[in-house]
Amino acid sequence: MKRCLTGFLVVAVLLLGGCRPQTPPEAKASDFSCGFEATLDDTVFGGTLKRYTAGTLELTFDKPETVAGLTARWDGEAVKLQFHGLSFDVPSDSLPEQALGEAVVGVLDAVLRGDVTGTVQDGALTIDGALNGVDYTLVCDSANGMPKRLSVPDYELEIVFSAQ
């Protein structure tokens, strides 16, 4: 009986020893670039997104045609807009919260601060949070943390991120 109990305990220790709680992967919230396609209200925007550090973002639009060639750069204090050789700065606090770039900067900054928690399911890290009382869902690849999709229903904003 003692041998049987000892054998059972050894097997249990060996089997359960590998069952460590795994920490979910972290979402990549800085130092990356990707393509994006965003639907804001009924308008579809597309282009390239570059994220450097907290508060920064660069969006270069290739669609719709009316804004193709526009680059918007957030530096944490202002947004520099460049379009067909013209350039001007806009204080970021004068932009509406529901502006495409403002929403992306706000969500990624919240992730960097660690103000969010996520769950892993079906190969995706899903982060649900709120920014200034507005709910959002950020879905990232669970293997590398790269953003895959951002949804902000109150702003009628859906963004799909893609590899370049």
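1. The largest cavity has a lining made up of Ala103, Val107, Leu131, Val134, Tyr136, Val152 and Tyr155. Here a cavity is a set of points, on a 1 Å grid over the protein atoms alone, where a 1.4 Å probe fits but cannot get out, and lining residues have an atom within 4 Å of a point. Two or more of the lining residues come from each of α2 and β9 (134–141); helices (H or I, at least four residues) and strands (E, at least two) are DSSP runs, numbered from the N terminus. The model is a predicted one, in which local features need pLDDT of at least 70 and side-chain atom pairs count only at pLDDT 80 or more, whereas totals for chains, interfaces and linings use all residues. Residues are numbered from 1 along each chain as its sequence is written, and side-chain values use heavy atoms, with hydrogens and water left out.

2. The largest cavity holds about 40 Å³ of space, a volume being the space filled by probe spheres set on the grid points, which are joined across faces, edges and corners. The count of cavities of 30 Å³ or more comes to 1. Its lining divides into 7 nonpolar, no polar and no charged residues. In this division Ala, Val, Leu, Ile, Met, Phe, Trp, Tyr, Cys and Pro count as nonpolar, Asp, Glu, Lys and Arg as charged, and the others, Gly among them, as polar.

3. The largest pocket has a volume of about 250 Å³; a pocket is an open set of points with protein on both sides within 12 Å along at least five of seven lines. Of its 15 lining residues, Phe61, Trp74, Ala99, Leu100 and Gly101 lie nearest the centre. At least two lining residues are supplied by each of β3 (56–63), β4 (71–75), β5 (78–83) and α2 (100–113). By class, the lining of the largest pocket has 14 nonpolar residues, 1 polar and no charged.

4. Two aromatic pairs deserve attention; the search of the whole structure finds 2. Rings of Phe, Tyr and Trp (its six-membered ring) pair if their centres lie within 6.5 Å, and planes under 30 degrees apart count as stacked, over 60 as edge-to-face and the rest as tilted. Phenylalanine 36 and phenylalanine 61 have ring centres 5.8 Å apart and planes at 85°, so this pair is edge-to-face. Phenylalanine 36 belongs to strand β1 (residues 32–40) and phenylalanine 61 to strand β3, so the pair ties together parts that are 25 residues apart in sequence. Phenylalanine 61 is buried, at a relative accessible area of 10% (buried means under 20%, exposed over 50%, partly exposed in between, with a 1.4 Å probe and protein chains only). Phenylalanine 45 and phenylalanine 61 also form an edge-to-face pair, 5.9 Å centre to centre with 70° between the planes. This pair links distant parts of the chain, with phenylalanine 45 in strand β2 (residues 43–51) and phenylalanine 61 in strand β3, 16 residues apart. Phenylalanine 36, at 6% relative accessibility, counts as buried, as does phenylalanine 45 at 18%.

5. Aspartate 109, in helix α2, is buried at 13% relative accessibility. Its side chain is joined to that of arginine 51 by a polar contact of 2.6 Å. A polar contact is a pair of N or O atoms within 3.5 Å; within protein, one must be able to donate a hydrogen and the other to accept it, and residues adjacent in sequence count only if both atoms are side-chain atoms. Apart from neighbours within four places in sequence, aspartate 109 is in contact (heavy atoms within 4.5 Å) with Arg51, Ala54 and Gly55.

6. Threonine 56 lies in strand β3 and counts as buried at 11% relative accessibility. A polar atom of its side chain lies 2.6 Å from the backbone oxygen of threonine 53. Neighbours within four places in sequence aside, threonine 56 is in contact with Arg51, Trp74, Asp75 and Val105.

7. The loop between β3 and β4 contains proline 64, which is joined to lysine 63 by a cis peptide bond with omega of about 0°. Glycine 69 lies in the loop between β3 and β4 and is partly exposed, with a relative accessible area of 40%. Not counting residues up to four places away in sequence, glycine 69 touches Phe61, Gln82 and Phe83.

8. Aspartate 31, in the loop between α1 (2–17) and β1, has a positive phi of about 60° although it is not a glycine. Histidine 84, in the loop between β5 and β6 (86–91), has a positive phi near 50°. Aspartate 31 counts as exposed at 58% relative accessibility, and histidine 84 counts as exposed at 63%.
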